Protein chains: 2
Amino acid sequence: MTERYDELKARLAEIHDLRRAQEILFWDQTVMMPPGGGPARGAQVTTLDRIAHEKFVSDEIGKLLDDLAGSEQELGYDSDEASLIRTTRRDWEKLRRVPADLAADITGAAAEAHDVWAKAREDSDYELFLPHLEKAVDLKRRYIDCFDGYDEPYDVLLDDYEPGMKTPEVRAVFDELKAELVPLIAEIGSVEGDDAFMAGPWPVDKQHEYSLEIIRRFGFDESFARLDLTVHPFAASSGTQDIRLTTRYKDEDITSIFTAMHECGHGLYEHGVSPTLERTPLCHGVSSALHESQSRMWENIVGRSRPFWNHFYPSFQATFPEAVGDVDQERFYRAINRVKPSYIRVDADEATYNLHIILRFELEQEILAGTIGLKELPEAWNARFEEYLGIPVPNDSLGVLQDVHWSSGGFGYFPTYSLGNIISVQIWEKVLSELPDLPDQFEQGEFGQLHDWLRTRLYSLGRKFTPQETLERVVGGPIDAAPYIRYLKEKLGALAAA
Amino acid sequence: MTERYDELKARLAEIHDLRRAQEILFWDQTVMMPPGGGPARGAQVTTLDRIAHEKFVSDEIGKLLDDLAGSEQELGYDSDEASLIRTTRRDWEKLRRVPADLAADITGAAAEAHDVWAKAREDSDYELFLPHLEKAVDLKRRYIDCFDGYDEPYDVLLDDYEPGMKTPEVRAVFDELKAELVPLIAEIGSVEGDDAFMAGPWPVDKQHEYSLEIIRRFGFDESFARLDLTVHPFAASSGTQDIRLTTRYKDEDITSIFTAMHECGHGLYEHGVSPTLERTPLCHGVSSALHESQSRMWENIVGRSRPFWNHFYPSFQATFPEAVGDVDQERFYRAINRVKPSYIRVDADEATYNLHIILRFELEQEILAGTIGLKELPEAWNARFEEYLGIPVPNDSLGVLQDVHWSSGGFGYFPTYSLGNIISVQIWEKVLSELPDLPDQFEQGEFGQLHDWLRTRLYSLGRKFTPQETLERVVGGPIDAAPYIRYLKEKLGALAAA
């Protein structure tokens, strides 16, 4: 057994190295690469991807997994070894089902669609994008056809980002959330305030320094991490000790400090995976929703809280005197927590954000079911958007064309954003029940106990267990919208009432 | 034929992608990576290296080369296709001779020796380094044993950096050079001047701006290149349109502008390779010496010339008023061309540099021949250093321990530095015979015609021909020390006489 296991591990380590190299090449491409480097980089990434894929779906890996089936039982479910075998088998069986040609078609179509989508969004020209969207949906249908044993076709797509999650579960929590949020937002969204100061100026060099100051308190450290500039912020990593966060700055916008906290949450998760899982496929956060729960934890639950600002506001005010020198803390706190329906998902506040997501989740299912034709998609989008958010969509750039996801066939991804919100508060309630003085610690600028708790209970597990098992271990139960609804009602209710 | 050729090309493209990815991972490691990333990066680079190597030395590549032997003749020697087959066959036959175990031993020993060497250099402790040097030499002997048909064992090592070059050729040009240089330096090295101003201050941000200003005139362009900071400057590339230059700045040292010109020379060579060779193993400069001829061309022949400074000195003086505000151009020109024997190769002037190299070249051969024992190497080094450069070596840190090369088994590399000097002037004489008004153009800050000539005649060829064939095509003859000796005598003689 040891020999077979070692061989499996060595093969997986090699594949992992290729995947990590890809991740750094992607980081380099978006953060460092001169524009001329695009074609060569495209070729490199494609080559690494193909080699990693071929090595992974090989018969040899399948044989090793078969040979190890017996000893997996003896090893104990929780052991790193059994988890590696179990998780690898799941990944292998799934990836083996997709023919190389189809995978290549999906990649090719995404590359082709990207620039067309960008142009269509710029010109608010849905007709231009339509043929590419049709192709993307068609390819997704062919992709779904590679699988069997699912209850709803959408399960297959969801599974790519949230392994094991079923569409009805998502529907249930989203329906519960929607029922509460729509009236709440209609009520709170009308609370006005003078937020004109939010337009700055916020000198970008100060934004960078202040972002670093905050995330260093969270646990970011230059010995294992960097913070750089890019157009669309993201976090990447080359290993647990090499974390790459990215952000962006605009003189008239202070969103960057929340972006830094958000990406830092992703980065701390990757950094916190147990060193025993390094160079294995378990060395990652377990799913999109769990990952997002951590970016939202640090960005929203910590970073938009009163205790956090009780600590930071004086130095923040001193750092940005032009913008907030004469703005008191309460006014600032209200501005960064303002609930106001708007068109663009990525600019949405903490509460309305979820309605943007629910809208997309519903439309994706109806597209797949064929109950909405793609030609009628803009009308469907606009009608439902107004129903949920109370404002009419002026054009498709601010509507159906705003997100890149569908151009790359990324159906099934959107729901994980809101699932992340929901899970973040489930975890927060759990932490708080064990460490009730965390808010006091935040007031002192101390976040180490929170970070330790999250690392021990969640981050260290990596991909050892399924997302459902992981959540169960962390909070003691399945996904549940109630804590999140309580949290929003309490926080936003207080703001509306005052 | 087309099908077999296409298959060969596709396989080589894949290997090339892996090699380029390695190059960017190395660049990232030395320029961007947080310190914690070392172990993961080491694993990634090792994996990519092993996969690329395995794919290259495969039987399939050998079979394709055999199958294509016939059509190679029909294609014509100068065609891209025939050149690709020919050069690949040469590389393949060479790499196939080295067993994977030996290659791994060499890599492992180099990794082990590096830190020991660094410590030994720091403490001037040759005894500490000696066992690692013994191992490196032993491995090199085993490496040489993999080959046959050579006249001298050193030919095998030289061939790794300067394919096809034979030891007697190098010996002949170095003997000629040494015979002229030793007395010349003894004479000129005694010319004194007040260079105290060279200690600065040279504000590092201004150094960066000014370095960029110069190399942009040479052809550097942010659309296809970057200039970043590192500890030991080098140039790397991800493709002809993605060139990464690195440099370093110290407040008390203006060497950086020459470093930038030097690395720019390497970068322009890689950038200028014909686009038709992209993603093939021909897409590189042809050899270490030819590459070095281009870094020296731009650094020394252009960058330390009077016409260059006639153009730049006024703006240079305005940029660094504290250092050179009251230093006239002639005094500055003399300072940057000062010939003065010193201990450290990398800090040596244009002329004495070659004696540092000749010393190493001679010692490497004697080590291999066994006529110098490694225990006696410091004594041999010190005696010969004083003979050639006229100054006694105070300790091994400033002597035999100064270079990293031997720790990694890089025997055979040193000579290419001086061969590069020699070739650079051969090419310069050739350019000048065709474009006699180049110095006038330099006075105007114009370097485009020189760049165009070099790109058309040299850079675009990539690795299509051997280094010897390449030189023959560019200058019409073999390597020849005479032009370089003329150049040094003329330039340095004028400085000594005035």
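I began with burial in chain A of this predicted model: of its 498 residues, 57% are buried.

Next I looked up the fold of chain A. I counted 22 helices and three strands. I then took the contacts between residues with a separation of 6 or more, and 73% of them join residues 24 or more positions apart.

I turned to overall dimensions. The C-alpha trace of chain A spans about 70 × 50 × 50 Å along its principal axes. I compared the radius of gyration with the rule for a compact globule: 498 residues would give a value near 23 Å, and chain A has 23 Å, so the two agree.

Then I went to the interface. I found 35 residues of chain B in contact with 35 residues of chain A. The two chains bury about 2600 Å² between them, and 60% of that lies on carbon and sulfur atoms. On the chain B side, I noted that Met32(B), Pro34(B) and Gln44(B) lose the most area to chain A, together 18% of what that side buries.

The rule finds six salt bridges between chain B and chain A. I looked up Arg41(A), which forms a salt bridge with Asp242(B); their closest N and O atoms are 3.8 Å apart.

Last, I asked which elements of chain B supply at least two residues of the side that touches chain A. Helix 1 (2–31), helix 2 (38–56), strand 1 (225–229), strand 2 (235–239) and strand 3 (242–247) each do. By class, I recorded 15 nonpolar, eight polar and 12 charged residues on that side of chain B.

Note on methods
Residues are numbered from 1 along each chain as its sequence is written. Chains are lettered from A and ligands numbered from 1 in the order in which they are written. This is a predicted model: local features need pLDDT of at least 70, side-chain atom pairs count only at pLDDT 80 or more; totals for chains, interfaces and linings use all residues. Side-chain values use heavy atoms; hydrogens and water are left out. Contact means heavy atoms within 4.5 Å. Buried area is the accessible area (1.4 Å probe) that two parts lose on being put together, summed over both. A salt bridge is a side-chain nitrogen of Lys or Arg within 4 Å of a carboxyl oxygen of Asp or Glu. Helices (H or I, at least four residues) and strands (E, at least two) are DSSP runs, numbered from the N terminus. Ala, Val, Leu, Ile, Met, Phe, Trp, Tyr, Cys and Pro count as nonpolar, Asp, Glu, Lys and Arg as charged, and the others, Gly among them, as polar. The radius of gyration is taken over C-alpha atoms; the globule rule is 2.2 Å times the number of residues to the power 0.38. Buried means under 20% relative accessible area, exposed over 50%, partly exposed in between (1.4 Å probe, protein chains only).
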